Amino acid sequence: MRKKIIAGNWKMNKTFDEGMGLVSEISNMLKDEYHGNAEVIIIPPFVHINAISRMVVSDRNLSVGAQNCSNHVSGAFTGEVSAAMLKSCGATYVIIGHSERRQYFGELNDWLAKKVDAVLAEGLIPIYCCGETLEERESNKHFDVLKSQISEALFHLTSEQMSKVVVAYEPVWAIGTGKTASTAQAQEVHAFIRTLLKDKFGAEVSDNITIQYGGSVKADNAKELFSAPDIDGALVGGAALQSRSFVDIVKEMA
Ligand code: PGA
């Protein structure tokens with residue numbers, strides 16, 4: 001059985017006090033209202049990770065992740081944060097290759113491959129993001145783009161390593177735009193990604209990999225998205241900044 005995962009990526013939002021307040025609301029609401037099996041991950045800015053992981057330590061199914069990490073182990077890399085540091089602060093997941101990192105910070109697939117390695121080397125779980133721009137979709141290049149994003153950053157892994165990776169399909173045109181991919185569009189891409197992984201790593205690995213969808217996920221579209229056979233959860237941005245909207249999405253995952 002594939003693990004179902006709902007992750008809330010706060011991006012660069014929430015001061016410390018705001019963040020702590022939001023987590024305690026989410027934690028209380030989940031205890032009262034959620035009886036399903038999905039794992040819920042809070043992905044705050046780096047500086048809140050330690051405090052949040054202490055807060056949620058006894059919560060069933062609630063984990064903490066980071067939005068990025070260095071590809072280096074340690075050393076003179078001012079401003080960077082290593083996978084070992086994240087682990088020591090209680091993170092268990094790390095987003096790698098979010099489209100905002102690709103777009104604003106020039107992160108390329110070969111660079112992201114090294115970040116995936118750094119995360120796996122510490123025993124953390126990479127959430128590897130891929131997704132096409134609107135222009136790429138409109139010119140029907142999306143499958144080629146996805147194939148390069150997946151193959152160039154993940155195909156150097158062993159099957160055992162790959163079995164630890166979570167993939168998130170996030171069409172860039174759907175992120176923060178209020179425009180969600182239709183369930184059929186998302187399912188088509190998720191199935192395509194699973195086939196790519198199957199051809200490279202075998203059916204046992206590909207069948208067990210969690211593939212999340214991200215891009216304007218809200219409570220009112222989550223149910224339909226989650227009903228698709230290859231959509232195993234969501235990476236949520238805007239709707240993760242409020243407890244009610246985030247928990248309502250989680251509750252759509254049985
Ligand atoms: P969004 O962001 O839910 O605000 O579209 C998703 C993401 O960037 O992970």
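Residues are numbered from 1 along each chain as its sequence is written, and side-chain values use heavy atoms, without hydrogens and water. Because the model is predicted, local features need pLDDT of at least 70 and side-chain atom pairs count only at pLDDT 80 or more, while totals for chains, interfaces and linings use all residues.

**Exercise 1. Describe the largest pocket: its volume, its lining and the classes of its residues.**

Step 1. On a 1 Å grid over the protein atoms alone, a pocket is an open set of points with protein on both sides within 12 Å along at least five of seven lines; a cavity is a set where a 1.4 Å probe fits but cannot get out; lining residues have an atom within 4 Å of a point. Points are joined across faces, edges and corners, and a volume is the space filled by probe spheres set on them.

Step 2. Read the volume. The largest pocket holds about 400 Å³.

Step 3. List the lining. It includes Asn-9, Lys-11, Met-12, Pro-45, Phe-46, His-98, Glu-100 and Tyr-104. Helix α4 (residues 99–105) gives the most, with four residues. Helices (H or I, at least four residues) and strands (E, at least two) are DSSP runs, numbered from the N terminus.

Step 4. Sort by class. Five lining residues are nonpolar, four polar and three charged. Here Ala, Val, Leu, Ile, Met, Phe, Trp, Tyr, Cys and Pro count as nonpolar, Asp, Glu, Lys and Arg as charged, and the others, Gly among them, as polar.

**Exercise 2. Search the whole structure for cavities of 30 Å³ or more.**

Step 1. The search finds one.

Step 2. The lining includes His-98, Arg-102, Cys-129, Cys-130, Gln-149 and Glu-170. Helix α4 and strand β5 (125–130) are the elements that give two or more residues.

Step 3. By class, three lining residues are nonpolar, five polar and two charged.

**Exercise 3. Is His-48 buried or exposed, and what does it touch?**

Step 1. Locate the residue. His-48 sits in the loop between β2 (39–43) and α2 (49–55).

Step 2. Apply the cut-offs. Buried means under 20% relative accessible area, exposed over 50%, partly exposed in between (1.4 Å probe, protein chains only). His-48 is buried because its relative accessible area is 4%.

Step 3. Check contacts (heavy atoms within 4.5 Å). Not counting residues up to four places away in sequence, His-48 touches Trp-10, Lys-14, Thr-15, Phe-16 and Met-20. Its side chain reaches the backbone oxygen of Lys-14 at 2.8 Å.

Step 4. Compare Pro-44, found in the loop between β2 and α2. Pro-44 is buried, at 1% relative accessible area. Its C-alpha atom is 6.8 Å from that of Lys-11, 33 residues apart along the chain.

**Exercise 4. What is the phi of Lys-14, and what is the phi of Ser-216?**

Step 1. Recall the background. Most residues other than glycine have a negative phi.

Step 2. Lys-14 has a phi near 85°, a positive value. Lys-14 lies in the loop between β1 (5–9) and α1. Its 27% relative accessibility counts as partly exposed.

Step 3. Ser-216 has a positive phi of about 55°. Ser-216 lies in the loop between β7 (211–214) and α11 (219–226). Ser-216 is buried, with 11% relative accessible area.

Technical notes: A polar contact is a pair of N or O atoms within 3.5 Å; within protein, one must be able to donate a hydrogen and the other to accept it, and residues adjacent in sequence count only if both atoms are side-chain atoms.
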